[in-house]
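This report describes two chain-to-chain interfaces. Please consult the sequence and the model shown below.

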Protein chains: 6
Amino acid sequence: MIHIFLIVCSLFTFSAHAAVQDFCVADLKGPDTPAGYTCKPAATVTVDDFVSTGLRFAGNTSNIIKAAVTPAFSAQFPGVNGLGISIARLDVAAGGVVPMHTHPGGSELLLVTQGFITAGFVSSANTVYVKTLKKGDIMVFPQGLLHFQVNAGGVTAVAFASFSSATPGLQILDFALFANDLPSKLVEATTFLDDATVKKLKAVLGGTG
Amino acid sequence: MIHIFLIVCSLFTFSAHAAVQDFCVADLKGPDTPAGYTCKPAATVTVDDFVSTGLRFAGNTSNIIKAAVTPAFSAQFPGVNGLGISIARLDVAAGGVVPMHTHPGGSELLLVTQGFITAGFVSSANTVYVKTLKKGDIMVFPQGLLHFQVNAGGVTAVAFASFSSATPGLQILDFALFANDLPSKLVEATTFLDDATVKKLKAVLGGTG
Amino acid sequence: MIHIFLIVCSLFTFSAHAAVQDFCVADLKGPDTPAGYTCKPAATVTVDDFVSTGLRFAGNTSNIIKAAVTPAFSAQFPGVNGLGISIARLDVAAGGVVPMHTHPGGSELLLVTQGFITAGFVSSANTVYVKTLKKGDIMVFPQGLLHFQVNAGGVTAVAFASFSSATPGLQILDFALFANDLPSKLVEATTFLDDATVKKLKAVLGGTG
Amino acid sequence: MIHIFLIVCSLFTFSAHAAVQDFCVADLKGPDTPAGYTCKPAATVTVDDFVSTGLRFAGNTSNIIKAAVTPAFSAQFPGVNGLGISIARLDVAAGGVVPMHTHPGGSELLLVTQGFITAGFVSSANTVYVKTLKKGDIMVFPQGLLHFQVNAGGVTAVAFASFSSATPGLQILDFALFANDLPSKLVEATTFLDDATVKKLKAVLGGTG
Amino acid sequence: MIHIFLIVCSLFTFSAHAAVQDFCVADLKGPDTPAGYTCKPAATVTVDDFVSTGLRFAGNTSNIIKAAVTPAFSAQFPGVNGLGISIARLDVAAGGVVPMHTHPGGSELLLVTQGFITAGFVSSANTVYVKTLKKGDIMVFPQGLLHFQVNAGGVTAVAFASFSSATPGLQILDFALFANDLPSKLVEATTFLDDATVKKLKAVLGGTG
Amino acid sequence: MIHIFLIVCSLFTFSAHAAVQDFCVADLKGPDTPAGYTCKPAATVTVDDFVSTGLRFAGNTSNIIKAAVTPAFSAQFPGVNGLGISIARLDVAAGGVVPMHTHPGGSELLLVTQGFITAGFVSSANTVYVKTLKKGDIMVFPQGLLHFQVNAGGVTAVAFASFSSATPGLQILDFALFANDLPSKLVEATTFLDDATVKKLKAVLGGTG
């Protein structure tokens, strides 16, 4: 039995060392790096770092887009840090829209779990790929391309979007153009939109300049 | 208007060239490479390469594990080729089990969409992380580690597992040990299982040697 | 001397084998892969595969944007295939604009070599980073984010944009939205632009639907 | 001579800056990241960070597996941090065994330097690849797949395993299943092993539950 | 309008979270990691982190090589940290030379903006690829291979070298061999250069031993 | 029993699909790609693709360097293709030398298995790291940096070098400079070696020009 515990101990010690970087639960208080957050000490990691209940409930769709996006990226779900995957919940009420947007840092795989969603993306060659999806259907959106989802039925739709990165990012077109201080003159010059349109949308979305 | 079409044409041409490798839909008849399958010619790609309806319906759980796994990896869903993401549907009937297994090529993010599932994984340090999940809960399993899912309720559970690779692979422990021609002597020597146990499971799972 | 040639021969043979994948000049007739084109046989590679004179001369800026973009990506410059770098020349006449766009596949480093350019990008947090650059100034645009360049002087400006990918891609916002068959109804729903604006720009850029 | 020192100085300064990240010797007291440990200041790095004598001597094989594994991963050999390579020494006495295990984080290349070893792995397709190796033979085990090594002669065998990661990890099957608090009920349900077998191995390996 | 601001707020909050790692401006005072420096807090980042004017002016070529290299790598240009790209300015006076060197960490794409440069590299197969370039010409040098640039005209040449890494490194052959304390005996044994040559170059370049 | 075979079959089928890219044994007759060779059909793969006996025997050291390098890279050992690891055997007779060289594509981890070797490398900061190694000692050489090995005892030394790439490449300094048609004028201008030295070494190593 002594031998047994010898080997148990020695191998345990070894495994414990070797185990470094099976995972790297984000220490959100620590510094960020190009590869993700620094790691929480392994000794303080619990199963709750790898589990989230934050997507159980519908997001609030009482807003102009009648939709809500609830992310579980590194910042909300530290267990995915460094693992190259994350997820978000989409709730899209009847008439709702997830506006034209991109994820600069990863590809998206959409799974519809309720209702009907018309989703599409545009390639660098300006080709349009659009389809109406029902419960159980999946669609993939390659990294960095403009895409959108709109409710295609009379009822609230629910979908889950997985990403090939723990921090895919999200750039919503209208917010990028109209919800900040990018001067109207530059928006107009670089989008060919007229002054009235730009000013109107800036007013709606809280942009200035 | 001529100018307009000049720019339209010239920019289109440019974009068309630049667009190479927005995506690389798998040509399943072409050769495989370490980075994935070769690409289908862009001109032959349609939206149906990026959409799959194959996960709409429950898999057949009339089997000894009372569970079914339906993958949408590159081989079943060519649109994900090279995009670093894929998905699979899990149906686990009451009393069903997705046996102990690993994905050599990627991390897994599990989303429960129906019923209750007890899921867990073991780290290189031999620490166990196990939790019972309900509808809307997510859990992440770091790459290459042994993990499992078992039905934790009286009703069929459904879940979707996303992966950080288009070809995560799947190695089911019992199949690796008992469903092939790995000699019983070697199985016993490397697992400390006794001869009777190994022979019995080989008989059940169709192994030889 | 025999020894010398022994070693010369043997080491040459070795080096020749080992040399595989110093580089992988694109065989544009071969299949594409997620990692780039297949390689031209090493024996047929010459220095001209690694050199391009295609950026010597200004592109034609007689068009509505008064600008021209001349790429040297894998498709135009096969020597960069697999090397994670490429370049493009920008010519922007007085009053010219490189419209709002993204590169889904890589970051951009802009170098101004003539004239004045006001360049900017918007982050996922919708923060605007904009600056006017003169000859010798550089600016970096992180992967996948919307950015633009406009002539900021009375004379033609020239710049060179390097990319962290041999195939960074290019998605020009107006072309993605208005130069294809994406239905106006969907464009309007996902951008909050009004019908008149969408129809007008589709007419100008050759879009339908 | 002044010119000479001008150039020497200026180029030295430049090189010193440019040199950042030739290497990143692990600061084991610093935080870990998904890409490895933070770096020791370059000024404090010495040749001994890149050299290890820890594999000179045989590990202690007086244990139930009659084998010892001595790793030189980042945690034991800080010089490999971030370089994508590491190594371990295997000592396998007559009758000894390196039990069925996986490396979640990297592929392994085994080199036998003494004696005879029968080694094998099982693929995701459950195909077995097994061979007996002698001094000077090499065998590669693809990332994340179950594999093993057993002494195949009457004398102690020695081998060195190189890995494609500085932290490949190590998950020993029996330790993952039987040397922790994973409830027997779950082990049995997910492995099809009977209660007696599970309880017996838990007793031997110090498992509970 | 309340609804509008609801959505504005909620989406802003989301975007702000999601935005993590659009970019990672180097905190040069923070620790370095295998993937680059830790990130400056996003709140402190300004456009000037993404812009550099350091390459506006010619470097000092009054030195033995009649050339100057001015880098904009992470250490000089923190905005490129983690983005996989950087740049350097080359000034090569008449008769000037950028001596034989390598970049251990990245491929180089050279753009000539003034004068004439003869550039070349040698492959692992010892094949030479050399060409004389004029204004607007580009040449790519695959990662880690020996290459050089020499002025090929009567006037000062200027070029910009882009790299596929934010920290490509630079190893100048003569400095590696003759400007440090590598013992002459070892230099001679490993380069086949005679003692007089080694001692002479060590004297010129400040080497010892 | 029918159920059993149902599940066996169904899971086998699934595994077989999912298994794609556990490994990618090089099809040396197929095209090369930036990520490695295309894959041999899985059905034709045998254990002998993963095993090599080519390093069992000493290389021929009857040559000017009194040393031999025997590689097991993708081209010689197809099983490592795409796995990010490879190995080579070094035989260095008394007085023998592995001349100054680099591996453009990977880091090296050296293991001495017989005799004594003095090994060293030079960093981008021109710092020298040199040490004499004995049997069982290991030393790591970061990617792309100049390094060397010389016999440090009266007897033949043997070592095995592992690499973090299946195709690390090898650039031997003297061969790159003197064993090809790189014009002596350019060698002299870019290395500061005198004409006599260059001409002498070109004569010895078979160079021209």
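What is the area buried between chain F and chain D, and what percentage of it do carbon and sulfur atoms give? About 4100 Å² is buried there, with carbon and sulfur atoms giving 70%; buried area is the accessible area (1.4 Å probe) that two parts lose on being put together, summed over both.

## Basis of the model

This is a predicted model, in which local features need pLDDT of at least 70 and side-chain atom pairs count only at pLDDT 80 or more, while totals for chains, interfaces and linings use all residues. Residues are numbered from 1 along each chain as its sequence is written, chains are lettered from A and ligands numbered from 1 in the order in which they are written, and side-chain values use heavy atoms, with hydrogens and water left out.

## Interface of chains F and D

Chain F contributes 51 residues to the contact and chain D contributes 51 residues, contact meaning heavy atoms within 4.5 Å.

Asp48(F) forms a salt bridge with Lys131(D), with the closest N and O atoms 2.6 Å apart. Strand β10 (residues 138-141) of chain D pairs with β3(F) in the antiparallel sense over two bridges; strands are DSSP runs (E, at least two residues), numbered from the N terminus, and two of them pair if DSSP finds at least two bridges between them. Within β3(F), Val51(F) is the bridge partner of Met139(D).

## Interface of chains B and A

The contact between chain B and chain A takes 51 residues from each of these chains, and the buried area is about 4100 Å², 70% of it from carbon and sulfur atoms. Four salt bridges cross this interface. The side chains of Asp48(A) and Lys131(B) meet in a salt bridge at 2.6 Å, N to O.

Strand β10 of chain A is joined to β3(B) by two bridges, and the strands run antiparallel. Met139(A) stands opposite Val51(B) in β3(B).

Note on methods:
Helix = DSSP H or I, 4+ residues; strand = E, 2+ residues; numbered from the N terminus.
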